[in-house]
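Here is a quick tour of one chain, written for someone who likes to know the cut-offs. Have a look at the model first, then read on.

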Amino acid sequence: MRTETITSAQNPKFKNLLLLQEKSKARREQGLFVVEGRRELEHCLEAGFRARTLFVREDLLPRLEPLAMQTGCPVILLSPALYAKAAYRDGTEGVIAEVEVRERRLEDLALSEHPLVVVLESVEKPGNLGAVLRSADAARADAVIVCDPLTDLWNPNLIRASIGAVFTVPTVCASSAETIGWLKSRGIRILTAQLQDSSWYYDTDMTGGTALVMGTESTGLTDVWRRAADAHIRIPMLGRLDSLNVSVSAAILLFEAVRQRNA
């Protein structure tokens, strides 16, 4: 295991770590993203991603040595004070990794006999997408497809919010047109969540191949998805507001599919 100790926040390697955390442009240009936390990194490695560099709080190296050996990459040791400058949150067990980007395509997705897919159109908040991924993992969805994304899939906030589910659930970015063609070619029914011209979600069959399609809270889905839908569904709203957070809606619809499939 190759180790190096950094003691200054002005060190170029340390400054680059912060740059990757903060700037999507740097992530795109370098083909790297940042994973913070032992659990998240373990999910990342299990999914076949390759760590380029490991930053470890020096006093925690003994307990992290097996993980460091597993990555096979150089290890940079940081003092507790310096590590705190890079860590976004407490309780991450003293490890941050720079990981090589590995893009997935629609054609790479391996589907079950009756696939359950979540499609999100133009969702822009990393926290919302991360929460949807957690629900998709819990429901054992086949994939999450992010159409026309307004957020970087490798945003550290998204990875943290998903608690590593971005690695456990196959996640793909694609255009709406590409995704609609891909779903229809595989006989997967498109169910769009919308208020207009819709049926109650629990009255809609989700036992076959199903794509649950949701848009943003502010504007909902575009017409391209409304026209492509095999059915329009909605969740009862009994109060004065007319929408739920997209991550809450996704959880409700996913677990209705789970209920129907296990009835």
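## Ground rules

Two strands pair if DSSP finds at least two bridges between them. Helices (H or I, at least four residues) and strands (E, at least two) are DSSP runs, numbered from the N terminus.

This is a predicted model, so to speak of local features takes a pLDDT of at least 70, side-chain atom pairs count only at pLDDT 80 or more, and totals for chains, interfaces and linings use all residues. Residues are numbered from 1 along each chain as its sequence is written, and side-chain values use heavy atoms, with hydrogens and water left out.

## The chain as a whole

The chain has 11 helices and 12 strands. Its radius of gyration (over C-alpha atoms) is 20 Å, close to the 18 Å that the globule rule (2.2 Å times the number of residues to the power 0.38) gives for 263 residues, so the chain is as compact as a globular protein of that length. Along the principal axes, the C-alpha atoms fill a box of roughly 60 × 40 × 35 Å.

Of the 263 residues, 49% count as buried, meaning under 20% relative accessible area; exposed is over 50%, and partly exposed is in between (1.4 Å probe, protein chains only). The accessible surface (Shrake-Rupley method, 1.4 Å probe) comes to about 12,600 Å², and 48% of that belongs to carbon and sulfur atoms. As for contacts (heavy atoms within 4.5 Å), take those with a separation of 6 or more: residues 24 or more positions apart account for 77% of them.

## The five-stranded sheet

Five strands make an open sheet with mixed pairing, in the order β1-β4-β3-β5-β2. At its edges sit β1 (3–6) and β2 (32–36), each pairing on one side only. Neighbouring strands are turned by 20° against each other on average, direction ignored; the axes here are lines fitted to C-alpha atoms, for helices over the stretch in contact, and angles run from 0 to 180 degrees between N-to-C directions.

Strand β3 (residues 51–57) runs parallel to β4 (residues 75–78), joined by 4 bridges, with R57 opposite L78. β3 also runs antiparallel to β5 over 5 bridges, and β2 pairs with β5 in the antiparallel sense, again over 5 bridges. β5 is mostly covered, with 5 of its 6 residues buried. Helix α1 (residues 12–22) lies across β1, β2, β3, β4 and β5 (95–100), running at about 75° to β5.

## Helix α9, inside and out

Which residues of α9 (residues 176–185) are buried? They are S176, T179, I180, W182 and L183. These cover an arc (of the directions from the helix axis to the C-beta atoms) of only 165° around the axis, which puts them on the same side of α9. On the other side, A177, E178 and S185 are exposed.

The cover over the buried residues includes β6 (116–121), β7 (143–147), β8 (171–174), β9 (189–193), β11 (210–214) and α10 (223–228). After α9 comes G187, whose phi is positive, near 65°.

## Around β12

Strand β12 (residues 231–234) runs parallel to β9, joined by 3 bridges, and T192 stands opposite H232. β12 also runs parallel to β10 (residues 199–200), over 2 bridges; there, W200 stands opposite R234.
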